[in-house]
Amino acid sequence: MNGNIHSIETLGTVDGPGIRYIVFTQGCLLRCQFCHNADTWEIGSGKQMSVSEIMNDLMSYLPFIQASKGGITVSGGEPLLQIPFLIELFKECKRKGIHTTIDSSGGCFSHSKLFIEQLEELLQYTDLILLDLKHINRKKHIQLTGMANDHILEFAKFLSDRHIPIWVRHVLVPTVSDDPEDLQKLGEFIGTLENVEKIEILPYHKLGVYKWEALGLEYPLKDIEPPAEDKVEIAYHMLTAHWNKPIIEK
């Protein structure tokens with residue numbers, strides 16, 4: 001079983017608990033204006049890698065990963081575009097006792113029978129999902145990502161109904177995703193979920209601008225600067241205002 005892989009980071013520390021072996025998959029449906037991995041958008045490209053190739057490489061870092069109570073995180077791009085590959089990869093990880101995490105925007109979530117069947121199988125081997133909620137306002141979500149958010153919010157509820165642990169992540173972009181009314185509504189939505197273990201505000205940055213330029217794309221947020229620390233703190237308080245941290249047994 002092969003996957004389309006963009007790149008691998010061997011000792012990541014910000015995409016899940018502990019030290020993580022991070023696999024960045026190739027392909028995404030969203031076109032986020034702040035994306036720092038625009039070179040992962042194209043579907044069907046990237047390096048073909050087998051489950052065994054990834055596992056062999058991962059095992060060389062396992063002592064560091066285990067000592068930190070870390071694991072593997074599959075990011076992107078959008079990992080859920082390659083669910084059959086993820087199933088086989090995570091099966092192997094669980095055989096080795098490795099903690100498994102998916103970093104997803106939920107942008108390809110569908111109620112089709114095949115997708116749901118594959119997703120439910122994958123979730124049997126998934127310990128945590130980092131769920132990127134870009135915007136609660138549907139119209140603003142379309143402006144920001146090129147896609148509506150209805151199915152993404154449904155994905156969040158789908159995970160909540162099945163008590164799959166999630167960390168909610170929100171990129172705070174001044175003038176784009178920091179409106180107090182929107183943050184309040186997003187906080188209220190998060191409060192309806194029963195599986196949120198952690199809420200993270202990711203301050204907007206410009207580290208991926210050079211990739212847009214290398215791809216010949218015009219970066220749409222070039223005039224926007226990162227948010228001040230006090231704005232990040234205010235946003236965090238708003239998103240956590242209705243949050244009741246669950247005790248999740250799995």
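Begin by selecting aspartate 179, which sits in the loop between strand 7 (166-172) and helix 7 (180-191); helices (H or I, at least four residues) and strands (E, at least two) are DSSP runs numbered from the N terminus. The model is predicted, so local features need pLDDT of at least 70 and side-chain atom pairs count only at pLDDT 80 or more, whereas totals for chains, interfaces and linings use all residues. Residues are numbered from 1 along each chain as its sequence is written, and side-chain values use heavy atoms, with hydrogens and water left out.

Aspartate 179 counts as partly exposed because its relative accessibility is 30%; buried means under 20% relative accessible area, exposed over 50%, and partly exposed in between (1.4 Å probe, protein chains only).

Move to serine 7, in strand 1 (residues 2-12). With a relative accessible area of 27%, serine 7 is partly exposed. Not counting residues up to four places away in sequence, serine 7 touches Ile22, Val23 and Phe24, where contact means heavy atoms within 4.5 Å. The C-alpha atom of lysine 47, 40 residues away along the chain, is separated from that of serine 7 by 8.0 Å.

For the surface, select Leu29, Ile43 and Leu81, which make a nonpolar patch of about 240 Å². Patch residues have over 30% relative accessible area and no salt bridge, and nonpolar side chains (Val, Leu, Ile, Met, Phe, Trp, Tyr) are joined within 5 Å. Leucine 29 lies in the loop between strand 2 (20-25) and strand 3 (47-50) and, at 38% relative accessibility, is partly exposed.

Which residues touch the most other members of the largest nonpolar core? Among its 55 residues, they are Ile72, Leu80, Leu89, Leu119 and Ile129; a core is a set of buried Ala, Val, Leu, Ile, Met, Phe, Trp, Tyr and Cys residues joined through side-chain atoms within 4.5 Å. Helix 3 (residues 83-95) gives the most to this core, with seven residues. Apart from this core lies another, of 18 residues, including Leu30, Val171, Val209 and Leu221.

Key. Patch = residues over 30% accessible without salt bridge, like charges linked within 9 Å, V, L, I, M, F, W, Y side chains within 5 Å. Areas by Shrake-Rupley, 256 points an atom, 1.4 Å probe, with all protein chains shown as cover. Salt bridge = Lys/Arg side-chain N within 4 Å of Asp/Glu carboxyl O.
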